[in-house]
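This briefing goes through selected features of one protein model. Please keep the structure open while reading.

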Amino acid sequence: MNPEEEIKGLRNKLHKYNNSYYNNDVSLVSDFEFDMLLKKLEELEKKYPQFYDFNSPTVRVGGEVTKKFQSFNHNFPMYSLANTYSKDEIKEWIKRIEKKWGHKINDFNCELKFDGASINLYYEQGKLKRALTRGDGTKGDDVTSNIKTIKNIPLVLNGNYPEKFEIRGEVILPIHSFNTLNNERKDKGLPLFRNPRNTASGSLKLQHSKEVALRKLKCFFYSIVGENSSLYHSDLLEKSREWGFFIPASMKRVNSINEIFHFIDFWGKKKSELPYEIDGIVVKVNSIKVQNELGFTAKVPRWAISYKYKAERQSTLLLSVNYQIGRTGAVTPVANFEPINLSGTIVKRASLHNSDQIERLGLRIGDYVYVEKGGEIIPKIVGIDKHRRGALDNLIKFIENCPECGSKLEKVEGEAQHYCKDEINCKTQIIGKIQHFVSRKAMNIESLGSERVILLFKKGIIKNIADIYKIEVEKLTNLEGMAEKSALNLIESIKESKKQPFQKVLFSIGIRHVGETVASKLANHFGSIENLINSSYHDLVSVEEIGEKIVKSINRYFKNPQNLLIIEKLSKEGIKFKIDDNKNKSNILNGKTFVISGTFENLSREEIKQLVLENGGKLSSAVNSKTKIIIGGESIGPTKKQKAYLLKVPIIGEKEFLKMLNT
Ligand code: AMP
Ligand code: ZN
């Protein structure tokens, strides 16, 4: 076979496998085979750059950087949708369009209204050419390189597709992916994202497409434009499913208003069980001919309407605002109001995020505020009742000093958040830092839960993380509710935590922006805290994924003599501040960095990690160019897998790994 044919064959296969996996939930090949094929393709593409393809499966991992998104006119404007909260208005809408069309209309397509960012994709000869955001409806931004990283968007189509057409869909972030992302941010001490919708649309505008690739976005399609090959909208969608687009199975073609109402009621009840967010449903006239006759107003199509579920919104009296200080000093204003019942849960508090929102609303104590269960996740304040305002002199002024320690708050350039920068005297920050230090992903001191940390801090038994290792049993048994047995357990788990490897320790000490991954990168690169402290700016930025922000934060942390003192104390207690290398059983794995992913047949993950370290290897939690080998179990993560092909990192299994050790 000549190389061109071979490359094409591989691309076809991989597109097919990818589509089947992401859109139909069927794996046609084993992970291993997929890996091998992609790696092969990648090698061939490097060797024969003349066969470059804009839509090759190898572009999914990202890599392109867009400094400024170019904007383009839409061929067909992207309209809004007329919307209503009442079924009567749906009846009226049908009457209105029947009058305009002059006949009865009894063919509709009901769809969910996905809550994300809309996108218009342009295909030519079965290939994705360009992706534009909605923008202002007439003009959108070209985000093609980011869109190509979304795994369920086909880059190349199957079957009998039209030569040229445009398709529209909603890019969404599933709720669990949103939560995972926020948990990671919490670990890093970064401000949290507000809701999946904002995060989805923000992601499309990230400059680094590699970052987009990691976000687990999806795209649901709901309309085809510039294509009249079918008589019915629903048929076009069904067809496009065959071309490789993800058309949610929830859509339903109906013939009566009662069926429309039934669809509304059904999803009204079911929507909270969906793994993603919707903000209503959409009813569309199904005949394309009738659609064309009805046309558009200046803003919306006449042939569609969206029914929005009443956001569970209520007004309530604002009682006070207080300010929470996170472990990294970030200040979050929190509104306290008279308790209300929002879709079954009692709510009395909502985050106000940062000073901007308070200013924008001109919030006063005594105002009646509207609280909504926004996106079903965290309640939020969406406005104020203009007729029931609090007294003018109750205007809320964002605090200037930390309510805990009194030090002046500061804003970091480029961030909306205020910070308390006094890490030494600010009690809540200290408690937060201790809670982080002992948490499961950090030093994993099981018997020391958040409440216990507060108690021990209040009793003066621990004042900082180093004090944990000085706790004496007698002090604990004096405490209320602590029997001798649980005191001993606590001491034991504290002792146990001294075994935690350097990268965990580095994560645990709570440097802002240094999450699990960054900590392990730094640990592997520098090998010891001493090297890290003495590293130059240049040394730091040469580590993959370490940018300006992280470098600044690291420098700030180590400039603080208090932090250095604590490290010294911890070090005296035997906490590991360098990579283990003295108890090597062999040096066979010297110079090799491993990423471990998936689950294994005989050994546990921890055991494998131990073996790697004992034989001179290093561990990393993410695949990078320095990774030598991945030990992949059954369910190795797809992100890791994709990175592995791109970087040509071989994936080996448990058996092969053990074989390596025995040679
Ligand atoms: P709106 O922004 O409320 O005027 O509603 C219009 C937007 O709804 C469109 O731009 C799409 O992003 C979004 N949308 C979500 N699901 C659908 C759907 N099934 N059909 C049409 N638009 C949808
Ligand atoms: Zn403070």
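The model is predicted. Gln125 and Lys216 come up for their phi values, positive in Gln125 and in Lys216.

- For four tetrahedral donors the ideal angle is 109.5 degrees.
- Cys402 and Cys426 link distant parts of the chain, being 24 residues apart. Cys402 sits in the loop between strand S16 (378-384) and strand S17 (409-411), whereas Cys426 sits in the loop between strand S18 (418-420) and helix H12 (427-438).
- Both Cys402 and Cys426 are buried.

**Packing of H1 and H2**

- A packed helix pair is described by the angle between the axes and the distance between them.
- H1 contributes Glu6, Ile7, Leu10, Arg11, Lys13, Leu14, Tyr17 and Asn18 to the contact, and H2 contributes Phe34, Leu37, Leu38, Lys40, Leu41, Leu44 and Glu45.
- Sorted by class, the contact between H1 and H2 holds nine nonpolar, one polar and five charged residues.
- Arg11, a residue of helix H1, counts as buried because its relative accessible area is 8%, under the 20% limit.
- Beyond residues up to four places away in sequence, Arg11 touches Leu41, Glu45, Phe51, Tyr52, Asp53, Ser56 and Pro57.

- Most residues other than glycine have a negative phi.
- Gln125 has a positive phi, near 45°, and lies in the loop between strand S4 (117-124) and strand S5 (127-133).
- Gln125 counts as partly exposed because its relative accessibility is 45%, which falls between the 20% and 50% limits.
- Lys216 also has a positive phi, of about 60°. Its place is the loop between helix H7 (209-213) and strand S8 (218-225).
- With a relative accessible area of 47%, Lys216 is likewise partly exposed.

**Two further buried residues**

- Thr316 belongs to strand S12 (residues 313-325) and is buried, at 4% relative accessible area.
- Apart from neighbours within four places in sequence, Thr316 contacts Phe337, Glu338, Ile340, Asp367, Tyr368, Val369 and Val371.
- Val551 is part of helix H20 (residues 548-559) and is buried, with a relative accessible area of 2%.
- Once neighbours within four places in sequence are set aside, the contacts of Val551 are Tyr537, Leu540, Val541 and Ile546.
- Val551 and His387 are 164 residues apart in sequence, and their C-alpha atoms are 50 Å apart in space.

How values were computed:
Residues are numbered from 1 along each chain as its sequence is written. Chains are lettered from A and ligands numbered from 1 in the order in which they are written. This is a predicted model: local features need pLDDT of at least 70, side-chain atom pairs count only at pLDDT 80 or more; totals for chains, interfaces and linings use all residues. Side-chain values use heavy atoms; hydrogens and water are left out. Helices (H or I, at least four residues) and strands (E, at least two) are DSSP runs, numbered from the N terminus. Buried means under 20% relative accessible area, exposed over 50%, partly exposed in between (1.4 Å probe, protein chains only). Contact means heavy atoms within 4.5 Å. Ala, Val, Leu, Ile, Met, Phe, Trp, Tyr, Cys and Pro count as nonpolar, Asp, Glu, Lys and Arg as charged, and the others, Gly among them, as polar.
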